[in-house]
Amino acid sequence: MTTATLDRPTARPGAGARTGSVVTGIGVAAPNGLGTEAWWAATLRGESGIRPLTRFDASRYPVRIAGEVPGFVDDEHLPSRLLPQTDRVTRLSLAAAAEALNDSGTDPTALPEYGAGVVTASSAGGFEFGQRELQALWSKGGQHVSAYQSFAWFYAVNTGQISIRHGLRGSSGVVVAEQAGGLDAVAHARRQIRKGAALMVTGGVDSALCPWGWAAHLAAGELSPVADPARAYLPFDAAASGHVVGEGGALFVLESDAAARARDARVYGAFTGYAATFDGPGTPRLQDAARLALDDAGLRPEDIDVVYADAAGARAADRAEAQALAALFGPRRVPVTAPKSMTGRLLAGGASLDVAAALLSLRDQVIPPTTATTEPAADCPIDLVTAPRETPVRHTLVLARGRGGFNSAAVLSAV
């Protein structure tokens, strides 16, 4: 599900105004770093997490590389009672949520009983758990299938487990819109803040690096066939041949500006603009989503300091995105970056990880690079950032496209 219309505030703020929903905590699990600061440092160094698959034997598959989250030891992040009932994706989500809440410095137990909730995005749910239980069903019989299969595979399981573990009993939900869902979830959380919620945990994490998940990735026909991890995923490059898939993402603590001020919280940035559109037959509407998100934030194109691109890694899709940006901002008039070139596309986790990067750009006044691609193709008229660029950053635009025609855009602003 997704929202196909503009989520418009009742009163639009002027450029640079501090507005209703702010991010006070970030948690990250990414292929090039576990934990926010480790991932951000690796990203600024241009370190890639795309490597040969290790989570299963991929030797018989035509594609054998992915972005795997390194160094994640399950029992260091979860109590033993949760291990039998959780998939890899839920364990990563619980770790990211715990980091975000700790980073925010808030105590959920001190909030009103129904004052905090969870909205996450998911594209695959607990795919690996589901595969394991299906194998047990067909090889051993139904009596060997775990009772936890009833929910461990489900798209909403991350929301549910985060809610239970941290006592977040307020309005909660899940968004399924592939890559676009990572922005849509934060927008849904913003809606709950506007309705009076004190705090929302939100964002997206995905993981489907198992044979069953891999079969689905391959069937989509969009994975790069290039075996070299350094050359397989080349957003906006003339040699682009598809993307690399990865796992992970980012979760956030979203609060009202008033609540954050009241407890003197450290604020990364404000979620000032959002819009979602849906492609019509032969009519891509990514540019419309970006324009409407700017309108929602009360900004003009010239106010945007950097665009975090969707960066499909396919020639036609990259060309369409680049030309949409050129039409909105002017050719090569705004810096464009795709740090997901170091992680692969993370489904619902990808846009959320871009939101984390945008927020840290605001904090550190630096734009992270796009790696592997050294120069955009001639038909992609964008100012592609290929090395860390220190520059004033006040407003950032994050774009995401989901399979099936979903487009989402979000504006993150300094406060």
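Phe-56, Tyr-61 and Trp-214 come together as one aromatic cluster in what is a predicted model. Across the structure there are 10 aromatic pairs, and the protein is built from 12 helices and 16 strands. Of its 415 residues, 60% count as buried.

**Aromatic pairs and a charge over a ring**

- A pair of aromatic rings is described by the distance of the centres and the angle of the planes.
- Among the 10 aromatic pairs, that of Trp-153 and Phe-154 has ring centres 5.2 Å apart and planes at 65 degrees, so the pair is edge-to-face.
- Trp-153 also forms an aromatic pair with Tyr-155, which is likewise edge-to-face, with 6.2 Å from centre to centre and 70 degrees between the planes.
- Trp-153 is partly exposed, with a relative accessible area of 35%; Phe-154 counts as partly exposed at 39%, and Tyr-155 is partly exposed at 29%, because each of these values falls between the 20% under which a residue is buried and the 50% over which a residue is exposed.
- Elsewhere, Arg-132 is placed over the face of Phe-129, at 4.6 Å from the ring centre.

**Nonpolar cores**

- The largest nonpolar core has 49 residues, and the members that touch the most other members are Ile-26, Val-28, Trp-39, Phe-252, Leu-359 and Leu-412.
- Helix 12, which covers residues 348-364, gives the most to this core, contributing 10 residues.
- Leaving aside residues up to four places away in sequence, Leu-359 touches Val-23, Ile-26, Phe-252, Tyr-268, Gly-269 and Leu-412; of these, Ile-26, Phe-252 and Leu-412 are also listed with Leu-359 among the core residues that touch the most other members.

**Overall dimensions, contacts and surface**

- For 415 residues, a compact globule would have a radius of gyration near 22 Å, and the 20 Å computed for the protein agrees with that.
- The C-alpha trace of the protein spans about 60 × 55 × 40 Å along its principal axes.
- Among the contacts in the protein with a separation of 6 or more, 80% are accounted for by residues 24 or more positions apart.
- The protein has an accessible surface of about 15,400 Å², and 53% of this surface belongs to carbon and sulfur atoms.

How values were computed. Residues are numbered from 1 along each chain as its sequence is written. This is a predicted model: local features need pLDDT of at least 70, side-chain atom pairs count only at pLDDT 80 or more; totals for chains, interfaces and linings use all residues. Side-chain values use heavy atoms; hydrogens and water are left out. Rings of Phe, Tyr and Trp (its six-membered ring) pair if their centres lie within 6.5 Å; planes under 30 degrees apart count as stacked, over 60 as edge-to-face and the rest as tilted. Buried means under 20% relative accessible area, exposed over 50%, partly exposed in between (1.4 Å probe, protein chains only). A charge sits over a ring if NZ of Lys or CZ of Arg is within 6 Å of the ring centre and within 35 degrees of the ring normal. A nonpolar core is a set of buried Ala, Val, Leu, Ile, Met, Phe, Trp, Tyr and Cys residues joined through side-chain atoms within 4.5 Å. Helices (H or I, at least four residues) and strands (E, at least two) are DSSP runs, numbered from the N terminus. Contact means heavy atoms within 4.5 Å. The radius of gyration is taken over C-alpha atoms; the globule rule is 2.2 Å times the number of residues to the power 0.38. Accessible areas come from the Shrake-Rupley method with a 1.4 Å probe; for residues, only the protein chains shown count as cover.
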